[in-house]
Amino acid sequence: MALARLAVALLLHLLLAASCCAGRDFIVGGRGGWTTHPAEPFNHWAERNRFQVNDSLVFRYSDHGDSVLAVSQSHYDACNTTDPFVRLEGGHNVFGLARSGPYFFISGDAKRCQVGERLIVVVLAVRNGKDSPSPSTTPPPPKSSYPSSSPPPVPAPASQSLPTTPPPPAAGNPSSTPPPVTNATVAPPPHSPSSASALRGGVLAFLVIAGAIVLVA
């Protein structure tokens, strides 16, 4: 029983692997096939599809004087039918896409190629199951504007900067500077001698006048 289950599991695994690796078939040009003056330009048709490795191109065409040539890009541009990589004939051909990159096809008749019977197919690159990390690269140090022989000057720290001396007051405005204050005691001004003598003279005059009034009475 266990051996039967193992055989079934192995068969399913092989079928899954075969289905993953098997490619798809693309009929070039759709219903119209490989012909001149296609309803949709062949390169437009190719741009709408995604081609991968192991896919196949199916060429269907009339066998009367037509064929398919796999050529280089220079031969494709010039519709040069000499020295193709591969020549396909017979009216029904299957071309396997075994590698990634561009493929160039033209008709075996140069005149047919010039009126549009040519094709460019780009096959996508193969991606591994596990993404391989790209090697880490250390960026180069930034370029210094100073020559390499002498290191750049180091700016002085802010704590070592010299204190700023305030500007002296303007010389033309002396009132802006207050006078110095001293602790000496200020003596009161002395009495004037002229005021004391005037007081004594007034008292004597009053006494004289009062005595005269008494004598007269």
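Visitor: How many disulfides does the count come to?
Guide: The count comes to 1 disulfide. Keep in mind that this is a predicted model.

Visitor: Which residues does the disulfide join?
Guide: Cys-79 is joined to Cys-113, with 2.1 Å from S to S. In general, a disulfide is a covalent bond between the sulfur atoms of two cysteines.

Visitor: Where do Cys-79 and Cys-113 lie?
Guide: Cys-79 lies in the loop between helix H3 (73-78) and strand S4 (86-88), while Cys-113 is in helix H4 (residues 110-114). The pair therefore ties together parts that are 34 residues apart in sequence.

Visitor: And why is the disulfide left-handed?
Guide: Because the torsion about the S-S bond of Cys-79 and Cys-113 is about -75°.

Visitor: Is Cys-79 buried or exposed?
Guide: Cys-79 has a relative accessible area of 7%, so it is buried, the cut-off being under 20%. Cys-113 is buried as well, with a relative accessible area of 0%.

Visitor: What about the phi of Cys-79?
Guide: Cys-79 has a positive phi of about 50°, although it is not a glycine. Asn-54 is not a glycine either, and its phi is positive at about 85°.

Visitor: Where does Asn-54 lie?
Guide: Asn-54 is in the loop between helix H2 (42-47) and strand S2 (56-60). Its relative accessibility is 43%, so Asn-54 counts as partly exposed.

Visitor: Changing topic. How many salt bridges does a search of the whole structure find?
Guide: The search finds 4 salt bridges. Side chains of opposite charge can pair when their charged atoms come close. One of the bridges is between Arg-48 and Glu-40, where the closest N and O atoms are 2.9 Å apart.

Visitor: Is Arg-48 buried or exposed?
Guide: Arg-48 is exposed, with a relative accessible area of 56%.

Visitor: Which residue meets Glu-117 in a salt bridge?
Guide: Arg-112 does, at 3.5 Å from N to O. Glu-117 is buried, with a relative accessible area of 0%, whereas Arg-112 is partly exposed at 24%.

Visitor: Which residues do salt bridges that share partners join into one network?
Guide: The network consists of Asp-66, Arg-112 and Glu-117.

Visitor: What about Glu-89 and Arg-87?
Guide: Their side chains meet in a salt bridge, at 4.0 Å from N to O. Glu-89 is exposed, with a relative accessible area of 52%. Arg-87 is partly exposed, with a relative accessible area of 43%.

Visitor: Which residue stands opposite Arg-87?
Guide: Leu-69 stands opposite Arg-87, which is in S4. Strand S3 (residues 68-71) pairs with S4 in the antiparallel sense, over 3 bridges.

Visitor: What is the order of the 4 strands in the open sheet?
Guide: The order is S4-S3-S6-S7, and the pairing is antiparallel. Strands of a sheet pair through backbone hydrogen bonds, either parallel or antiparallel.

Visitor: Which strands stand at the edges?
Guide: S4 and strand S7 (118-123) do. Each has a single partner strand, so one side of each is left without a neighbour in the sheet.

Visitor: And what does the twist average from one strand to the next?
Guide: The twist averages 20° from one strand to the next.

Key
Residues are numbered from 1 along each chain as its sequence is written. This is a predicted model: local features need pLDDT of at least 70, side-chain atom pairs count only at pLDDT 80 or more; totals for chains, interfaces and linings use all residues. Side-chain values use heavy atoms; hydrogens and water are left out. A disulfide is a pair of cysteine sulfur atoms within 2.5 Å. Helices (H or I, at least four residues) and strands (E, at least two) are DSSP runs, numbered from the N terminus. Buried means under 20% relative accessible area, exposed over 50%, partly exposed in between (1.4 Å probe, protein chains only). Two strands pair if DSSP finds at least two bridges between them. Axes are lines fitted to C-alpha atoms, for helices over the stretch in contact, and angles run from 0 to 180 degrees between N-to-C directions.
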